[in-house]
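Please look through the structure below with its side chains displayed.

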Amino acid sequence: MSRRYDCSEPMERTRGIAEAFSAVRRGELIVLPTDTVYGVGVDAFMPPAVTALLDAKGRGREMPPPVLVGSVRAATALVDDLGTYGQDLIDEFWPGALTLVCRANPNLMWDLGETKGTVAIRMPMHELAVELLKETGPLAVSSANLSGRPAARTVDEAEKMLGDSVAVYLDGGTSGHADPSTIIDLTGPVPRLLRAGAVSEDKIRGVVGVLLTEEDEPEKPAEPPSITEAAKPSLTKEEPPQTPREPSEPLQETPAPNPKPSLRKDEDAPGTP
């Protein structure tokens with residue numbers, strides 16, 4: 001049976017944070033408000049709990065959840081390298097609606113899914129969320145909705161979709177704004193925009209200078225068929241073998257351009273709070 005707490009009331013807030021903390025320690029799911037949308041979270045270091053989170057949302061391991069932290073120090077403990085621009089981005093936009101994808105600390109014993117050795121981290125600008133995160137430690141948090149459905153902006157919307165799969169709902173009123181966090185990949189030499197969001201591209205470029213986007217991905221044209229393959233003769237009894245004549249102009253086909261690769265996003269429109 002789910003428990004719900006109105007965190008606008010001081011006593012309810014205190015009880016809610018304590019109950020959410022206990023639920024996280026038991027490996028249960030909680031729903032919490034953030035500065036973007038509501039999130040559903042679990043202890044990032046409990047693989048069964050992370051699996052339960054993905055199951056509740058109807059998602060697979062190929063879409064691992066990001067991790068929310070209550071301090072910059074907690075974030076740096078989770079990553080192997082912030083890259084050239086990570087600290088500058090943190091100084092400018094944290095706490096706030098910017099998620100950074102970095103190489104994960106290889107010494108950590110956790111399993112968020114098929115992360116390919118990376119972790120997406122964020123410190124939200126939400127007093128209740130940060131207070132809870134400082135108690136629980138890093139939480140694996142995804143948007144509080146079913147896959148393919150709009151992200152919840154109220155606890156009512158979250159509860160309608162997730163129901164009793166969540167142990168504790170913390171009601172912090174309507175979330176800050178509908179835009180999800182901006183996601184920047186820092187695992188390469190140049191920062192790459194993975195998802196546009198609440199922090200604009202122009203603001204990001206103001207810090208890092210160069211920001212790669214989907215339009216910067218090179219397109220590989222399709223290879224035209226070879227003349228040898230296109231002009232093979234037909235060998236039948238009625239038609240003796242003939243030497244194929246070289247055409248006066250090379251045979252060509254207009255190559256169909258490959259579709260541009262899509263940005264990596266959560267299909268939850270989007271799933272990263």
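A residue is called buried when its relative accessible area is under 20%, exposed when that value is over 50%, and partly exposed in between. The model is predicted. F45, at 32% relative accessibility, therefore counts as partly exposed. W110 has a relative accessible area of 18%, so this residue is buried.

These two residues belong together. A pair of aromatic rings is described by the distance of the centres and the angle of the planes. The count comes to one aromatic pair. F45 and W110 form that pair, which is stacked, with 5.2 Å from centre to centre and 20 degrees between the planes. Because F45 sits in the loop between β3 (39-43) and α2 (47-57), and W110 in the loop between β6 (98-104) and β7 (118-122), the pair ties together parts that are 65 residues apart in sequence.

Next comes helix α1. Its 16 residues, 10-25, should span 22 Å at 1.5 Å a residue, and the end C-alpha atoms are 23 Å apart, which agrees. Which residues of α1 are buried? They are R13, G16, I17, A20, A23 and V24. These residues cover an arc of only 130 degrees around the axis, so they lie on the same side of α1. The face turned away from this buried side carries the exposed residues M11 and T14. The buried residues of α1 pack against β1 (3-6), β2 (30-32), β3, α5 (127-136), β8 (139-143) and β9 (168-171). After α1 comes G27, with a positive phi near 85 degrees.

The charged pairs remain. The whole structure holds 12 salt bridges. In one of them, the side chains of D171 and R4 meet at 3.6 Å, N to O. This pair links distant parts of the chain, since D171 is in strand β9 and R4 in strand β1, 167 residues apart. D171 is buried at 18% relative accessible area, whereas R4 is partly exposed at 35%.

R25 and D43 also meet in a salt bridge, at 3.5 Å from N to O. R25 lies in helix α1 and D43 in strand β3, so the pair ties together parts that are 18 residues apart in sequence. R25 is partly exposed, with a relative accessible area of 37%, while D43 is buried at 10%.

A further salt bridge joins R61 and D111, whose closest N and O atoms are 3.2 Å apart. R61 lies in the loop between α2 and β4 (67-68) and D111 in the loop between β6 and β7, so parts 50 residues apart in sequence are tied together. R61 is partly exposed at 39%, and D111 is partly exposed at 29%. Finally, salt bridges with shared partners join R4, D156, E159 and D171 into one network.

Methods
Residues are numbered from 1 along each chain as its sequence is written. This is a predicted model: local features need pLDDT of at least 70, side-chain atom pairs count only at pLDDT 80 or more; totals for chains, interfaces and linings use all residues. Side-chain values use heavy atoms; hydrogens and water are left out. Rings of Phe, Tyr and Trp (its six-membered ring) pair if their centres lie within 6.5 Å; planes under 30 degrees apart count as stacked, over 60 as edge-to-face and the rest as tilted. Helices (H or I, at least four residues) and strands (E, at least two) are DSSP runs, numbered from the N terminus. Buried means under 20% relative accessible area, exposed over 50%, partly exposed in between (1.4 Å probe, protein chains only). The expected span of a helix is 1.5 Å times one less than its number of residues. The arc is that of the directions from the helix axis to the C-beta atoms. Contact means heavy atoms within 4.5 Å. A salt bridge is a side-chain nitrogen of Lys or Arg within 4 Å of a carboxyl oxygen of Asp or Glu.
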